[in-house]
Amino acid sequence: MSLYWNWPYLLVEAGPEQALTWRTGHMRGEGPLPDLFFPADHSWLVSALWDDLWTDIGGTAALITALHRNPLVNARRVGTDEDALPPGLTRD
């Protein structure tokens, strides 16, 4: 399927144990998480593109509020009609 700027993605159904073994040495650090993941019920979504330094999280208002209030998360609310690019960064 195509996502974002029509980049091709392959979606695979897997559990956490499987997903955590697929890659290592990612530029975002020593975490092997996929670029895009969500539960079967689609109640939330985490997206961390391979070349971005930030992570997008979508979910219920309660989830987003909880993340926004947690000082360790450093979250910023972005509406569906806004660019998620963090302030001070530019697109190449």
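Here are a few exercises on this predicted model, each with a worked solution.

Residues are numbered from 1 along each chain as its sequence is written. Local features need pLDDT of at least 70 and side-chain atom pairs count only at pLDDT 80 or more, while totals for chains, interfaces and linings use all residues, and side-chain values use heavy atoms, leaving out hydrogens and water.

**Exercise 1. The overall layout**

Work out how many helices and strands the protein has, and in what pattern they follow each other.

Solution. Start with the rule for elements: helices (H or I, at least four residues) and strands (E, at least two) are DSSP runs, numbered from the N terminus. Counting that way gives 2 helices and 5 strands. Walk along the sequence and the pattern reads β-β-α-β-β-β-α. Next, take burial, where buried means under 20% relative accessible area, exposed over 50%, and partly exposed in between (1.4 Å probe, protein chains only). Of the 92 residues in the protein, 18% are buried. Finally, look at contacts, meaning heavy atoms within 4.5 Å. Among contacts with a separation of 6 or more, 26% join residues 24 or more positions apart.

**Exercise 2. The aromatic pair**

Search the whole structure for aromatic pairs and classify what turns up.

Solution. Here's the test: rings of Phe, Tyr and Trp (its six-membered ring) pair if their centres lie within 6.5 Å, with planes under 30 degrees apart counted as stacked, over 60 as edge-to-face and the rest as tilted. The search finds 1 pair. It's made by Phe37 and Trp44, whose ring centres are 6.1 Å apart and whose planes are at 85°, so the pair is edge-to-face. As for accessibility, Phe37 is partly exposed at 25%, and Trp44 is partly exposed at 33%.

**Exercise 3. Positive phi**

Where do His42 and Asn74 lie, and what is the phi of each?

Solution. Recall the background: most residues other than glycine have a negative phi. His42 is in the loop between strand 3 and strand 4, and its phi is near 60°, a positive value. Asn74 comes in the segment after helix 2, with a positive phi near 60°. On accessibility, His42 is exposed at 58%, and Asn74 is exposed at 70%.

**Exercise 4. The largest pocket**

Describe the volume and lining of the largest pocket.

Solution. Begin with the definition: on a 1 Å grid over the protein atoms alone, a cavity is a set of points where a 1.4 Å probe fits but cannot get out, and a pocket is an open set with protein on both sides within 12 Å along at least five of seven lines; lining residues have an atom within 4 Å of a point. Grid points are joined across faces, edges and corners, and the volume is the space filled by probe spheres set on the points. That gives about 930 Å³ for the largest pocket. Of its 30 lining residues, Thr55, Asp56, Ile57, Val78 and Ala84 are the closest to the centre. Strand 4, strand 5 and helix 2 (61–69) are the elements that give two or more residues to the lining. For the classes, Ala, Val, Leu, Ile, Met, Phe, Trp, Tyr, Cys and Pro count as nonpolar, Asp, Glu, Lys and Arg as charged, and the others, Gly among them, as polar. The lining then splits into 15 nonpolar, 8 polar and 7 charged residues.
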